[in-house]
Amino acid sequence: MALQVSEKLKSLLCPSTRVVVFTGAGVSAESGIATFRGAQGIWKDFRVEDYATPRAFLADPRKVWEWYNWRRTKILEANPNPGHEAICEFERYFREFTLVTQNVDGLHDRAGNQKILKLHGDIWETRCNRCCLTLIDQAARDEPLPPRCSCGGNLRPGVVWFGEVLPERVYNQAASAAEKAQLFFTVGTSAEVYPAAFLPSLAKQNGSYVVEINVERTSSADYADELLIGKSGEILPEILLYLTG
């Protein structure tokens, strides 16, 4: 059965529309990457306090890195899915397009997106605790763990941990894009992690048409003009069929 979307949404699927796509863990879950919350989420089996806080890294950096190596290995076994690929097609089609993601796995990059605002960082980035040097590598880290910077400091994963603030420049860019958007998609996110979860309401307050795509209704549906229930890897490719021009 073909996806049924509103006439309003169809009318906005033209190249001149200013579009933001805001993605969360549900998009990557369709590639086999575990989400963090819920019955099968990562935090069901691991304590946040042990692996995803600055204090945990200071207390036992090797333990933290072993965990991130495990996550990196799992991510390397995954591939972008049709939802990722459709979002990449959106970027090629809409002249003013911004992808804002809470995901750190890099699957949007691998799908081909270029204009990505990574609110929670990048698991493939390492950053020195001492001199703040930033490096990118695409593999599990070899021994010794923790890896060391040339200045002698410990390198840490370049993700935003609990107790840390989002990168100010990136969040401000995301908020600015949300304020200017005419069409705002929220895809595969529980909309429970703030301040990122403010973005759908910010878009709505500034006149954007907000579309939620998720396997179930979330709190961001309160701001949505249109709710499409299902997998992003099935719904987004169907939306591509409505693109005009």
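How many helices and strands are there in the protein chain? There are 10 helices and nine strands, where helices (H or I, at least four residues) and strands (E, at least two) are DSSP runs numbered from the N terminus. The model is predicted, so local features need pLDDT of at least 70 and side-chain atom pairs count only at pLDDT 80 or more, while totals for chains, interfaces and linings use all residues. Residues are numbered from 1 along each chain as its sequence is written, and side-chain values use heavy atoms, with hydrogens and water left out.

**Overall form**

- Along the principal axes, the C-alpha atoms fill a box of roughly 60 × 35 × 30 Å.
- Of the 245 residues, 51% count as buried (buried is under 20% relative accessible area, exposed over 50%, partly exposed in between, with a 1.4 Å probe and protein chains only).
- Among contacts (heavy atoms within 4.5 Å) between residues at least 6 apart in sequence, 67% join residues at least 24 apart.

**Nonpolar core**

- In soluble globular proteins, nonpolar side chains tend to be buried together.
- The largest nonpolar core here has 26 residues, and V21, L183, F185, I213 and I239 have the most contacts inside it. Such a core is a set of buried Ala, Val, Leu, Ile, Met, Phe, Trp, Tyr and Cys residues joined through side-chain atoms within 4.5 Å.
- Elements that give two or more residues to this core include strand 1 (18-23), strand 7 (183-187) and helix 10 (232-240).
- Helix 6 gives the most to this core, with four residues.
- Leaving aside neighbours within four places in sequence, V21 is in contact with residues including I87, F90, L99 and F185.

- Most residues other than glycine have a negative phi, and most peptide bonds are trans.
- The peptide bond from E143 to P144 is cis, with omega near 0°, and so is the one from L145 to P146.
- P144 lies in the loop between strand 5 (134-136) and strand 6 (155-159), and P146 lies in the loop between strand 5 and strand 6.
- C132 is not a glycine, yet has a positive phi of about 70°.
- C132 lies in the loop between strand 4 (121-128) and strand 5, and at 51% relative accessibility C132 counts as exposed.
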